[in-house]
Amino acid sequence: MEMVTLTIDGQKVQVPKGTTVLEAARKLGIKIPTLCFLKGINEIGACRMCVVEVKGARNLQASCVYPVSEGMEVLTNTPRVRESRKTTLELLLSDHNLECPTCVRNLNCELQKLSEELGIKSIRYQGEKHKPKYDDFSPSIVRDTSKCILCRRCVSACHKIQGVGVISPNHRGFNTMVAPVFDKSLSEVACVNCGQCILVCPVGALKEKDDTDRVWQALADPEKHVIVQIAPAVRVS
Ligand code: FES
């Protein structure tokens, strides 16, 4: 196996050719934040949280998709890198539903954890928000695009792991939305309700449907919805 030697934050490391900078850094115990990256499943360089400085390259590079090369010198924690990651995160938060205390992923959310780690105290950018879609017509999965960060981890899980492929990015630019084709509900496509998309979602954009959702759904439209499960009886004695 051909090996490559590079330097990351002043430390030399030897890794097989084809390894990414992120993997090489992890070998050295250097932590680089990631959001969209899921090893072997979603390696698309979408979120830019993992950017690093590579000597000789003019722009910052996404370490999760940038391959190592012989003699490469990488810096993972410079002011430029930190500022870029922080700005990226602030932009994501500027179009994010911030009702965190009532979110099912509160205190278990990768976006929330990163915001804490990067010391974000307020949202600098206040502007237009995309028109969100709340889809709770599936028997088991609730989709809330107001919390989606477009990392596409769910898309890869649905397509690559499960081979189902019912969700994809729809539309373009600011209007991009991960959804079933033609913005249909999950209940209208061939979703198998496996829940793998929920498992890989870093935030609360996808969640398991619970009894509360079913009750609200039935109250909203009793003609269409039947409560298929009720909460267990509360013991009073
Ligand atoms: Fe590298 Fe998202 S983690 S671009």
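In which element is the place of Ser94? Ser94 belongs to helix 2, helices being DSSP runs of H or I with at least four residues and strands DSSP runs of E with at least two, both numbered from the N terminus. The model is a predicted one, in which local features need pLDDT of at least 70 and side-chain atom pairs count only at pLDDT 80 or more, while totals for chains, interfaces and linings use all residues. Residues are numbered from 1 along each chain as its sequence is written, and side-chain values use heavy atoms, with hydrogens and water left out.

Once neighbours within four places in sequence are set aside, Ser94 is in contact with Ile123, Tyr125 and Lys129, where contact means heavy atoms within 4.5 Å.

Turning to the chain as a whole, 6 helices and 10 strands are found in the protein chain. Of its 237 residues, 43% are buried. Among contacts with a separation of 6 or more, 57% join residues 24 or more positions apart. The accessible surface of the protein chain is about 13,600 Å², and carbon and sulfur atoms hold 54% of that surface; accessible areas come from the Shrake-Rupley method with a 1.4 Å probe, and for residues only the protein chains shown count as cover.

The cysteines come next. With a disulfide taken as a pair of cysteine sulfur atoms within 2.5 Å, the count is 0 disulfides. For Cys197, the closest cysteine sulfur is that of Cys194, at 6.1 Å, which is too far for a bond. Cys197 is buried, its relative accessible area being 10%, and Cys36 is buried as well, at 1%.

Grid points are joined across faces, edges and corners, and a volume is the space filled by probe spheres set on the points.

The largest pocket has a volume of about 400 Å³. Its lining consists of 18 residues, and those nearest the centre are Leu92, Asp95, Cys148, Ile149 and Leu150. Two or more lining residues come from each of helix 2 (79-94) and strand 9 (177-179), and helix 2 gives the largest share, 3 residues. By class, the lining of the largest pocket has 11 nonpolar, 5 polar and 2 charged residues; Ala, Val, Leu, Ile, Met, Phe, Trp, Tyr, Cys and Pro count as nonpolar, Asp, Glu, Lys and Arg as charged, and the others, Gly among them, as polar.

The second largest pocket, with a volume of about 320 Å³, is lined by 20 residues, with Leu93, Leu98, Cys100, Gln112 and Ser115 nearest its centre. Here the largest share of the lining, 4 residues, is supplied by helix 3 (residues 110-117). This lining divides into 9 nonpolar, 7 polar and 4 charged residues.

The largest cavity has a volume of about 130 Å³. It is lined by 17 residues, and Cys148, Cys154, Val178, Ala205 and Leu206 are the closest to its centre. Strand 7 (141-144) and helix 4 (153-161) each give two or more residues to this lining, which holds 12 nonpolar, 1 polar and 4 charged residues.

The second largest cavity has a volume of about 110 Å³. Among its 16 lining residues, Cys158, Val166, Ile167, Cys191 and Cys197 lie nearest the centre. At least two lining residues come from each of strand 7 and helix 5, and the classes number 11 nonpolar, 4 polar and 1 charged.

Finally, Pro180 sits in the loop between strand 9 and helix 5 (196-200). Pro180 is buried, with a relative accessible area of 0%. Beyond neighbours within four places in sequence, Pro180 is in contact with Arg143, Val166, Ile167, Asn170, Ser185, Leu186 and Val189. Between Pro180 and Gly165, 15 residues apart in sequence, the C-alpha to C-alpha distance is 8.9 Å.

Definitions and conventions
Buried < 20%, exposed > 50% of the residue type's maximum accessible area, 1.4 Å probe, protein only. 1 Å grid on protein atoms, 1.4 Å probe; cavity = no way out; pocket = protein on both sides within 12 Å on 5 of 7 lines; lining within 4 Å.
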